[in-house]
Amino acid sequence: MIQLTNRQARQFLLLKHGLLGDYRFTGKQGVLDFVRQAGCIQFDPIDVCGKNAELVLQSRVKGFTKSMLNELLYKDRLLMDYPDKNLAIIPVEDWPYFERYRQAARLHAKRYPEMEALTEQVRTLIQSQGTLSSDDFTLDGNFDWHSAIHWSGGNNTARSVLEQMYSTGELIIHHKKGTRKYYDFSEKYIHPDLINAPEPLESDLEHHKWRVLRRIGAIGLLWNRGSDALLNIWGLKAEQRNEVFRQLLHQASIVAVAVEQMKDVLYCRVEDLPLIETVLQNPEPALRCELIAPLDNLIWDRKLINQLFGFDYTWEIYTPAAKRKFGYYVLPILYGESLVGRAEVIVERKTSTLSVKNIWYESDIKPTKQLRLALNKSLKKFALFNGCETILAESAVSAGLTV
């Protein structure tokens, strides 16, 4: 078992994510490299200061622009929208590993005979008109699919049928305009070797092993306990999870890591041992300041982050306004090896202004001149990422900022 200090564990995680010292990921290729390393990044359509997936990448990828992700998704087709850890973006080469979920959707649809006639209408429309969104047409028939697939919102028949065809793999998200999704046939964009590939892992156990190993790699360190990091892995209950970790250890796919003053054992992928070796040399990497996405891979397991970083983070977007401790859309602030606070930042698009509504430092953090300068630099980079020409820092709540 590898023994790490708390600081070494934090350094390992941040180096793994490309969030400490010099940037590990650069430009469009860096975007692809990080998503392949992570397996998936979580997608959320809310855009206060960038969508979640974009926020994940701007903190890690030097020179990142939103167009890079858009091109990889909808021009190069090297990445794709697909459910993984909830709604997500995955590398297109992982498509075959989700065949069991598409097959389950096909079997589920057979319980609703009226769905086939509606599906055939959509096929005919896309064949004749090309890419479509649910707002572009109405169907001859009505069907409330809300109870049939969990991500359908309401009883819009066109939307329900499109999402069902997407869940079976017949359709792909061709592109998006804002939150509106446009669909086309998957076979036009996914290579035949991928779209026709059989399920690579036939047993549930082998599939669970693949997905858990992938999630460990998405974070860097993970424990064998119930975790939001393991969301949406069907059938992975405590018994199955224990067997998965046992077998991954036995086949030397993962390594146990003990961190000082932590009761639970953590695990990392064997491929990441060179990074462990790096942190055991006690490096002193250059300090960087980054704004972290609310659904960032790094903080998927917030209990783990609280134990390692002493940072208690709740995304309060669904918390009633009167009960919020901080704000509607608040981003953690990473400085060096520590999560030092959080920021409420809003893009005022009509005036191309980045509005810094509030900065909250942790109680044990002193906003030194060095920290303030680093945060200023980070906010300027963040404004550029959002296409903002001006930064407005509300003086009453942004003490020390000079942007």
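Let me start with a word we need: a residue counts as buried when its relative accessible area is under 20%. Keep that in mind, everyone, and keep in mind too that what we have here is a predicted model.

So, which residues of α4 are buried? They are Met68, Leu69, Leu72, Leu73 and Tyr74. And what covers them? The cover includes the helices α2 (27-38) and α3 (52-58), along with the strands β5 (79-81), β6 (88-91) and β7 (171-177).

Let's stay by α4 for a moment and turn to aromatic rings. Searching the whole structure gives 16 aromatic pairs. One of them joins phenylalanine 64 and phenylalanine 385, whose ring centres are 6.1 Å apart with 35° between the planes, a tilted arrangement. Where do these two sit in the chain? Phenylalanine 64 belongs to the loop between β4 (61-62) and α4 (66-74), while phenylalanine 385 is in helix α13 (residues 369-385), so this pair links distant parts of the chain, 321 residues apart. Phenylalanine 385 comes out at 10%, so it is buried by the same cut-off.

Lysine 66 lies over the face of its ring, 4.9 Å from the ring centre.

Tyr82, Trp95, Tyr97, Phe98, Tyr101, Tyr166, Tyr183, Trp210 and Trp234 form one aromatic cluster. Let's pick out tryptophan 210, which is found in helix α9 (residues 204-219). What does tryptophan 210 touch, if we leave aside its neighbours within four places in sequence? Its contacts are Asp94, Tyr97, Phe98 and Leu201, and Tyr97 and Phe98 are also members of the cluster. Glycine 21, on the other hand, is 189 residues away along the chain, and 31 Å separate the two C-alpha atoms.

Compare that with leucine 308, please. This residue is in helix α12 (residues 302-309). Leucine 308 and threonine 5 are 303 residues apart in sequence, yet their C-alpha atoms are 9.9 Å apart in space. Beyond its neighbours within four places in sequence, leucine 308 is in contact with Asn6, Ala9, Arg10, Leu13, Val259 and Met262. Its relative accessible area is 2%, under the 20% limit, so leucine 308 is buried.

My last stop is a pair of helices. How do α6 and α7 cross? The axes of α6 (residues 114-129) and α7 (residues 157-167) come within 10 Å and cross at roughly 85°. Angles of 65 to 115 degrees count as roughly perpendicular, and therefore that is how we describe these two helices. From α6, the contact is made by Met115, Leu118, Thr119, Val122 and Arg123; from α7, by Thr157, Val161, Leu162, Gln164 and Met165. What kinds of residues are these? Six are nonpolar, three are polar and one is charged.

Definitions and conventions
Residues are numbered from 1 along each chain as its sequence is written. This is a predicted model: local features need pLDDT of at least 70, side-chain atom pairs count only at pLDDT 80 or more; totals for chains, interfaces and linings use all residues. Side-chain values use heavy atoms; hydrogens and water are left out. Axes are lines fitted to C-alpha atoms, for helices over the stretch in contact, and angles run from 0 to 180 degrees between N-to-C directions. Helices (H or I, at least four residues) and strands (E, at least two) are DSSP runs, numbered from the N terminus. Angles under 35 degrees count as roughly parallel, over 145 as roughly antiparallel, 65 to 115 as roughly perpendicular and the rest as oblique. Contact means heavy atoms within 4.5 Å. Ala, Val, Leu, Ile, Met, Phe, Trp, Tyr, Cys and Pro count as nonpolar, Asp, Glu, Lys and Arg as charged, and the others, Gly among them, as polar. Buried means under 20% relative accessible area, exposed over 50%, partly exposed in between (1.4 Å probe, protein chains only). Rings of Phe, Tyr and Trp (its six-membered ring) pair if their centres lie within 6.5 Å; planes under 30 degrees apart count as stacked, over 60 as edge-to-face and the rest as tilted. A charge sits over a ring if NZ of Lys or CZ of Arg is within 6 Å of the ring centre and within 35 degrees of the ring normal.
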